[in-house]
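Student: I'd like to learn how to read cavities and salt bridges in a model. Can you take me through them?

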Amino acid sequence: MSSSKERQRTRGEIACAECRRSVFLLFIFLSVPCSTCVKRGCSMLCPNVGTMPPGKGSRFVGVAEEYLRHKAIKLEERMRSLEDALAILQFNTSTRPHPLLTKIWSTEEADVESGVDTTAATAESDVHGMVDALVGSLHFDGDPQSGSACFFGPSGGSEVEKRAISDTPPPLTDPQEIEVDYLLPQISKLDQAFPFTPPGLAKEQVQETIKSYLPNIQRAVSLCETFLKSLSWIFQIVSRQQIIDRLIPLIYRPGLKPLERPCYGPHDLALLFSVLAVGALVDPALPPYNAEARHYHRLARAALCLQSVFLERSMATLQALHLISVYYGMSGIESNAELCYSFLNLAAQAALQVNKDPSRWGFKGREVYERRSYFWALFSQTLWQSLVTGRPPVIMPAVVDCQIPSDLDEATYQPGEITIAFGTWSSRYTKECLAPIIEVTQAVKPPNYQNILDLDRKIREFSMPVFPDSPHFDRTPVEMRDFVQSRYRELTLMYLHRGFFAQAMGDFPLDPLRSPVGRSFMVAYQCASALVTVSINQYKRQPVLCSRVWRIWSHTFSAAVIVGTVAVRRLGINLDPDPFEHLEKVCSLYHSAAQTCSRAKKALVSFEQGYLSVTRAHYHAFKANSTSASSKSGPCKNGSPSTRQPQTIIKVS
């Protein structure tokens, strides 16, 4: 019955509900669409849909506009996917573009296509409810019921991108770890039990056994110096006075009698081994991911297990766990990425007992300074990790009651040293900028876009530090510190706007600048382009050190994903610098670093498979179209092709 009625409506033999409301039914019921529906602007409803909603003004607008808009966007996404697949296939089999990809769009077709998007005023009502769908991503390895799962929140994305594009699962055991176990059985047992403490241990005897694996004092000092010179610009974990002036003389103290108990604990020994392990990783005289670093790392794990990290923790415990997290990030083993996050969170969880200012517990002088300084360094690292991965931080900003060290304290207790990281400036930036960003972006309720703009302005107005250029300091940490300083603000803004960048690209795929959050599109692209540029320049200056610091490649990958997304979408706006040329430079950078950096090698595969092949194919098709159009139409008076359409040129500063 319903199918018969539908056929009658299609042929115009019966009228729609809108037509039956008219007193002129007898004159118009055979017209499809009827004149009444055409006049009311709802010809797409006649005669198959039914009624329009009642109410003042509702009968004179296209009520199916929202539905049709979403349907057009889905069809356009499908069309782009098919075009990309066709472009990749054609690029791999021929040097000429596919005929279906060489069509020159006329002005009329462009107008029709641009009419699919609604105006910014239509979408303005959705501004406060943005990113409802950006709840994050959950990645499964194997069966969703029994396989492991990994969550990345709305502000994350780069790690998911690297996992999702990979077609083959990572090996369960990295080739680096397949080696003969040369340690004594009792030490290997502790290493395998990490981070738990096995019962029934002769702690003092095992501690002395672990200590016997230490290198000579000259080698230990050399590795500690390498660690401080190579990583003091980014990790404010230990100072020279703590590790070289106090800890090494304490552990290497000569003349200790056989029955005399050492003046240090197992976690102090673990801290020294952790510094040696990371120092060996960044030692330019050693190959990347070398065996000496793995040797010290295993001994650090064993020493930590001699004393419970959950019940008997100290400052050395937190610092050792933090350094183990750093080691996992720089180890070159992809499966260790999760361990890097986990052990940084474990250190932060253990630090919750010192989230109050140390002066409350009677500490004074240097002890207060070192505790405050390290707490803010750890807090900053957890916030950056939260911003990158989209996961909530362990230490919530609202519970922090630790004072920021003063410039006077820094000058008093670090005389003659390179300012670790950014000193007190970094702590203030963490408190006033990073912490509010985390509270907004990691909240369950999507943020109000005006709050994002307010944070953007606050970050831009926050003054950058100025350091004196002293000839007494080694140039390597100074250059790396200046490199981080030059991208600190852009890095923060990129992660702040990245979710809204995706929102603008999804809602307005043809022209993201028309989106109510179009500013985020422009800011994210500007910051990503700047980060790519400074990373390329710094790699030319310090190729060995840059290739061994995983954070550089993670942040640069996030920036390159934004640039690559813009290049793949082939937007109707001309950005300067050109996204395709920028993507080519990124791929060249990762190709050079892939020889010695496992993260760069893995990201290079992602770029070549997911971005570069598509953009190259479309680039060649665009060039062919331009050549064809020029040859057919001939030059204009000014020498430019007559078919050239004006474009919006946006300069990226």
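Student: How much space lies in the largest cavity?

Tutor: First the idea: on a 1 Å grid over the protein atoms alone, a cavity is a set of points where a 1.4 Å probe fits but cannot get out, and lining residues have an atom within 4 Å of a point. Points are joined across faces, edges and corners, and the volume is the space filled by probe spheres set on them. Here, the largest cavity holds about 430 Å³, and the whole structure has 7 cavities of 30 Å³ or more. Keep in mind that this is a predicted model: local features need pLDDT of at least 70, side-chain atom pairs count only at pLDDT 80 or more, and totals for chains, interfaces and linings use all residues. Residues are numbered from 1 along each chain as its sequence is written, and side-chain values use heavy atoms, with hydrogens and water left out.

Student: Which residues lie nearest the centre of the largest cavity?

Tutor: Look for Ile234, Gln381, Trp384, Val484 and Tyr488, out of 27 lining residues. For classes, Ala, Val, Leu, Ile, Met, Phe, Trp, Tyr, Cys and Pro count as nonpolar, Asp, Glu, Lys and Arg as charged, and the others, Gly among them, as polar. By that scheme the lining has 16 nonpolar, 9 polar and 2 charged residues.

Student: Which helix gives the most to that lining?

Tutor: Helices are DSSP runs (H or I, at least four residues), numbered from the N terminus. Helix 17 gives the most, with 7 residues. Helix 17 (366-389), helix 19 (424-441), helix 21 (475-507) and helix 24 (550-569) each supply at least two.

Student: On to salt bridges: how many does a search of the whole structure find?

Tutor: The rule is a side-chain nitrogen of Lys or Arg within 4 Å of a carboxyl oxygen of Asp or Glu. The search turns up 13. Take arginine 219 and glutamate 292, which meet at 3.1 Å, N to O. Arginine 219 sits in helix 11 (residues 217-231) and glutamate 292 in helix 14 (residues 291-304), so this pair ties together parts 73 residues apart in sequence.

Student: Is arginine 219 buried, partly exposed or exposed?

Tutor: Buried means under 20% relative accessible area, exposed over 50%, and partly exposed in between (1.4 Å probe, protein chains only). Arginine 219 is partly exposed because its relative accessibility is 23%; glutamate 292, at 22%, is partly exposed too.

Student: Where do arginine 457 and aspartate 454 lie?

Tutor: Both are in helix 20 (residues 449-461), 3 residues apart, about one turn of the helix.

Key: On a 1 Å grid over the protein atoms alone, a cavity is a set of points where a 1.4 Å probe fits but cannot get out, and a pocket is an open set with protein on both sides within 12 Å along at least five of seven lines; lining residues have an atom within 4 Å of a point.
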